[in-house]
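Thanks for coming. I will show one model and then go through some of its details, starting with the overall make-up of one chain.

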Amino acid sequence: MFGSDLLQVVLSGIALGGTYTLLALGMFVTYAASRAMNFGQGDFLAVAAFLGMAAMTIGISGAVAFVGVCAAVAALAMAVERIAIRPLERRGDGESLNVGWILTTLGFGLMLQNVITIVWGKSRYYSPPLFTSKNLAPLHVFGAALQVDELIVAAVSLAAVAGFYFALNRTNWGRNLAAVSFDPATASLLGIDVRRTITIAYAIMGAATAAGGVLVGPLGTVQSHMGPLFLVKSFSVVAVGGLVNPLGVLIAGFGFGVVEALSNFFDSTFGDLYPFLIVFGCLIVWPTGLFKKRLSDVR
Amino acid sequence: MSANFAAPWIRYVIFALVVAVFPTLAPNAYVINLGQEVAILAIGAAGLNLLLGLSGQISLGQVGFFALAAYCTAILSARLSWPLWLTFPAALVVAGLAGLVMGLVALRARTHFLAMATLAFGLIAAILAQRWISLTGGSMGIAGVPLLNWGQFRAGPTNFFWTIGAALILTQIVSDFTIESRSGRILRSIKESESFAATVGVNAPLWRVGVFVLSAVLAGLSGAFFPHQSGFVSSDAFTLDRSLSLLIVVIVGGLGSRYGHLIGAVFVVLLGEAIAGLYEYANFIFGGLLLAVMLFLPRGIASLTTIVRRRGEGSAEGRLESRSRGRLPSTLAPIADWEPGEPILLLDGVTKRYAGVTAVNDVSMVVKSGTVHALIGPNGAGKSSLINVIAGLTYADRGSIIFAERDVTRASAYRRARLGIARTFQNLQLIGGLSVLENVMLGLPRRDKAVAYFLRWLGGRSFEAEQRNQAFALLEFFGIGRYAALSPDELPYGHRKLVELARALAQQPRLILLDEPVAGLNEEEAVEIVQAVRSLRALGVTAVLVEHDMGFVMSLSDRITVLDYGRKIADGSPEEIRRDQSVINAYLGVPAS
């Protein structure tokens, strides 16, 4: 393996890892807000990838498509919270399952997946490149041929992640989220609109997932059943990074993408499965993830 | 429930008759095939029902066990020409081993993390089936798998149905026994409160892994039949949808109920046939079904057919004579094998730290047999921490704990419970999904041999009658026999405390740890508890109690240990403690000089 190949592989790993990070941050934020997540999130990504493809195919510019799809999927995410998660919270009897939301969001995802197959079928599609109107000549850096689109995807996902951290640490909503995550009852006594905080968290999850979907679509193929694999990979990221530490999610997300790109490079048949082995290994040694919550839980 | 009118074995005779005549009543091969589909689905779903419905562990990866077993028997029989009576056990062993691994994962990963891990397992299994072409044939599959038809081609579908029908009956027996026997109570208690389970001597991790293995074996059993139905198996059969369809079956049928997986399987297969023309919308319909049932009918179809009545209870309690405040039968007397006045519990230099806080600091104390020993101290003194360290819910960082001449410092909570340490909790730990009587029955020690127990269950009638009577006698001892059939959640707070005491006494303890037994009770209820504790002492039980109510402590205790900021500051009789200056300072503060 030459140094130039390595650079190429690492770049596509970062581009992929950006998607995982975006999904994982969506999981982080919804879990913090509602102690639940969207198990149909992978299908949200698939919907976004198809919508992005459709928009660009009819000639809408990449940037407009990106924003539009993010907004649409954010609305969808608010709907999933309202329909599939919120109604279960009120049911407080001891018999009810604490995993009900897993099943309802899975059901929602299954329905979305079906909507995709009704419109587009089960075939694989190649999405047009997002930002470069024609296939630009690859950029040559240190002898490596870097795809401009991959560069842009990596950059945009980094920017989205930066925006996410800004929202988390520098906005009122971010502070409210920290309070709601610690204890919703206390948060509401402090005058925080808990419902609103949760709704915004789901909207952000939807937008982040959509960003991942629109960005990753043109890098590979787009297919109706692509969701679950992305979901599981992002779960792995969350499991290693810890569901309580956004910085850990960032490191694990890009790390997972790079490791996957490398192992794909060496073994094209099973390459994308090796990172799972590494994740399982990590979890056996550090079951709560590599990155701890900053506050220790005293109870 | 109709099942209560008949002994279990009668149910299975009827079940067997239905399976036997179904092929002759079926108008054509197509209907027989539907019966086969129902059986394949129901066997796999039965395992998931026990896993999710009883123990509360979720699995989105049942397709993995299904696929492992299917490929195992297909490859061994088609490529290596093994006979089916060898390939089936091999397939079950493989599925069971995979279940063991996932069960161990489940000990560390709970709820959504477990959902993630099992989802990953199922997905990876599906991907391997697709891509490991040299082994599985990928989507081209393995052809020429021997049919399970007992050598008769024309009667093949009927023979296959009878075979899988027999497997379904066996599955139903295993499932019913698990739900209706002591194991069902144990799994339900683990689902709601593992500390409760440990307190009554249940090795919760073992049970959690065990039920995972069982569910994997049942998923594997259903998968093992699969390739022998058509003689062909390909990776197309092993997608995530199969995991989801099992989930839909158990949710729609009714989670944790005895026939939920059967009802669900029939429903899902028939619905699948009814919407065959809408094939393109199948996932939409099934996804919507999952969502709708979880939202509007969380206990599934089974809850519609059941007249509202407590699970499998009711009739038995009715027959028990109700006396108010009974005597304790001698068979239930606690083990009083320790010479009164001899030390039974010795703590030496016990220290417990939580994230920078030293909750218990170098505490040594001696508890003498047959006494009521109180632990008091201001809020945050470390009393509850010390109780938890003695019970084994957390371990001491330093020091040693000797109970009945055994070093139990490192022993887990369930082992200490089996050695004779029972406890009650400050925030009550009772299992809402079980009746009061069943909660107490969980405390009773197991006396039967497994086979005899199983046969008695199969025979019905007097099954567990003795245990029921004993548990009822214990409730009567505390004067709450009339609540036997209710859920603990329906009881007033004070009576729930008494249920906890009855459950603890059922364990025939040598030592009972009482964590704030009268906190939150009114005068009248507190008096009942005082009487209860006195009668425990009269029975020879040693008690260690934590309490804030000084009147209660002073009137009841033989000896008092006072903690402050995790340290022992005094130890003596109630009179000595009342006069002790350091105790007075701890409670009232030191006057500024």
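**Chain A in outline**

In chain A, which has 299 residues, 53% are buried; buried means under 20% relative accessible area, exposed over 50%, and partly exposed in between, with a 1.4 Å probe and protein chains only. What you are looking at is a predicted model, where local features need pLDDT of at least 70 and side-chain atom pairs count only at pLDDT 80 or more, while totals for chains, interfaces and linings use all residues. Residues are numbered from 1 along each chain as its sequence is written, chains are lettered from A and ligands numbered from 1 in the order in which they are written, and side-chain values use heavy atoms, with hydrogens and water left out.

Chain A has 11 helices and four strands. Helices (H or I, at least four residues) and strands (E, at least two) are DSSP runs, numbered from the N terminus. Of the contacts in chain A with a separation of 6 or more, 78% are between residues 24 or more positions apart; contact means heavy atoms within 4.5 Å.

**Aromatic pairs**

Next, the rings. Rings of Phe, Tyr and Trp (its six-membered ring) pair if their centres lie within 6.5 Å; planes under 30 degrees apart count as stacked, over 60 as edge-to-face and the rest as tilted. That rule gives 25 aromatic pairs over all chains. One of them is edge-to-face, because the rings of F256(A) and F276(A) have planes at 70°, with centres 6.1 Å apart. F256(A) is in helix 10 (residues 246-266) of chain A and F276(A) in helix 11 (residues 274-285) of chain A, so this pair ties together parts 20 residues apart in sequence. Both F256(A) and F276(A) are buried.

In chain B, F454(B) and W457(B) make a tilted pair, 5.7 Å centre to centre with 35° between the planes. Both lie in helix 19 (residues 450-459) of chain B, three residues apart, which is about one turn of the helix. Ring pairs join F454(B) and W457(B) with Y12(B), F177(B), Y453(B) and F463(B) in a cluster.

**Charges over rings**

A charge sits over a ring if NZ of Lys or CZ of Arg is within 6 Å of the ring centre and within 35 degrees of the ring normal. R423(B) has its charged end over the ring of F425(B), 4.1 Å from the centre. R242(B) lies over the face of F226(B), 4.9 Å from the ring centre.

**Where the chains pack**

Helix 4 (residues 100-120) of chain A packs on helix 11 (residues 240-253) of chain B at an angle of about 125°, with the axes 12 Å apart. The contact is made by L103(A), L106(A) and L110(A) from helix 4 of chain A and by D241(B), L244(B), L247(B) and I251(B) from helix 11 of chain B. Axes here are lines fitted to C-alpha atoms, for helices over the stretch in contact, and angles run from 0 to 180 degrees between N-to-C directions.

**Two backbone exceptions**

Most residues other than glycine have a negative phi. E516(B), not a glycine, has a positive phi of about 50°. E516(B) is in the loop between strand 7 (511-515) and helix 22 (523-538) of chain B, and counts as buried at 8% relative accessibility. Y565(B) also has a positive phi of about 50° without being a glycine. Y565(B) is in the loop between strand 9 (559-564) and strand 10 (567-572) of chain B, and counts as exposed at 68% relative accessibility.
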